[in-house]
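Please have the structure open while reading.

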Amino acid sequence: MNSAQQSSPTLNVLVVGNGGREHALAWRLRQSPSVATVYVAPGNGGTARDARLVSLPQLSATDVVGIRQWAQANSIGLVVVGPEAPLAAGLVDELRAHGVPVFGPTQAAAQLESSKAFSKAFMARHGIPTAAYDTFTDAALAHAYIDRMGAPIVVKADGLAAGKGVVVAMTLAEAHEAVDFMLGSDESGNKFGVQHNAGGARVVIEEFLQGEEASFIVVCDGTTVLPLATSQDHKRLLDADQGPNTGGMGAYSPAPVVTPAIHDRAMQEVILPTVAGMAADGIPYSGFLYAGLMITPDGAVKTLEFNCRMGDPETQPIMMRLQSDLAAVLLDAAHQRLAGTELSWDSRCALGVVLAADGYPLTPRKGDAITALPVDTPDAVVFHAGTTLVDDTLQTSGGRVLCATALGDSVKDAQSRAYALVDQVTFAGMQFRKDIGFRAL
């Protein structure tokens, strides 16, 4: 690989974001032999405490011009954009326009995530399997549609919602309430903190699909697609998939539900047609592409959603298992030269348990001191998400605070090792699921 043939580390990398996904990406990038320094903007308490990383708290992830100027002034050879908001704000477009190598989709391509309506229309146009749906800006019409279709039914906010803008309504009352929250005109009517797209509030209402979910994430350079290890997220807050939807309470890799046959169907029916369809529409897609899939009982694959980034918390176990030079791979992708690249993986399983703040997902409490943490090892790492350093004291600063992640010879072994890490973490109000990985046991 061209970029891996350097004799000494000279590549400076900037990771944009402040979550657990970005901490895990930075952690793996720092191990690349081609990398001299990894910066994280703005970073979090974990990246600030890691002597091998440089946090840039003065830079906001959505300060498009500020990040571009800083990258130019500091000889950044690769920018990796982690979260969805800077993608939707056009950070990739700004960097490319000024010749800064960047891995991530353009603002237009990121509509696959930033607009559920765009995404569903794209899938319908290109024959990509997904749930039947309709789109509404008028609450009365949305309510009438729900009454006509019945429950269970799924209600999705059209804009960015940090993984929380989806309500799987098991009753008509829940569905109607979700519509009122998402299409409400005042602050109380936007309970999920959705960033509305042009044209204001909009919801996508779609059929409820039965089956088992899996996260299928690939690296794209516009034409070539490189699948990452499979994984499975746990969206519900409570054990046994009970409670409200969250951004994700834990994940593990690989996911047994993605058999070789399912993997082939996902590539042939979802991923490759999506990349080809985006190119045909004049919006070539490069970056991480995440397809949330539903594997139905009869083995069919349906697309629940697209994300234009790595999943969180799927990134943490996937990065634990990756053995290839991540910086070299992403630099090659940024320069449209992925063809012929293969990834190598640790044969062991990895499992991550999210430790969330009191009140998560709707009203997470911030400012609690994190008073105990285990020491990281190569096979067991507590990745930081919603943390910040205040006068050398680590505090909670978001809903999902940490992700205790470990490798093991089996899912059960990885699970027991991850929960051994959890036992060594202390902060007030800490909540977590006790059954991450249960579907694979």
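Two strands count as paired if DSSP finds at least two bridges between them. The model is predicted. In β17, V301 is the bridge partner of I295. Strand β16 (residues 286-295) pairs with β17 in the antiparallel sense, over 6 bridges.

**The sheet**

These two strands belong to an open sheet of 4 strands. The order is β11-β10-β16-β17, and the pairing is antiparallel. β11 (225-227) and β17 (301-307) stand at the edges. Each has a single partner strand, so one side of each lacks a neighbour in the sheet. From one strand to the next, the twist averages 35°.

Helix α12 (residues 326-334) packs on this sheet. Its contacts are with β10 (212-221), β11 and β16. The direction of α12 makes about 65° with that of β10.

**The helix pair**

Helix α8 (residues 139-149) packs against helix α9 (residues 172-183). The angle is about 160°, and the axes lie 10 Å apart. Angles over 145 degrees count as roughly antiparallel, so α8 is roughly antiparallel to α9. Their crossing is right-handed.

| Helix | Contact residues |
|---|---|
| α8 | A139, A142, H143, I146 and D147 |
| α9 | L172, A175, H176, V179, D180 and L183 |

What is the make-up of the contact of α8 with α9 by class? There are 7 nonpolar, 2 polar and 2 charged residues.

Methods
Residues numbered from 1 in each chain as written. Predicted model: local features only at pLDDT ≥ 70, side-chain atom pairs only at ≥ 80, totals over all residues. Heavy atoms only, no water. Axes fitted to C-alpha atoms, helices over the stretch in contact; angles between N-to-C directions. Parallel < 35°, antiparallel > 145°, perpendicular 65-115°, else oblique. Left-handed = near helix turned anticlockwise from the far one by under 90°. Contact = heavy atoms within 4.5 Å. Nonpolar A, V, L, I, M, F, W, Y, C, P; charged D, E, K, R; others polar.
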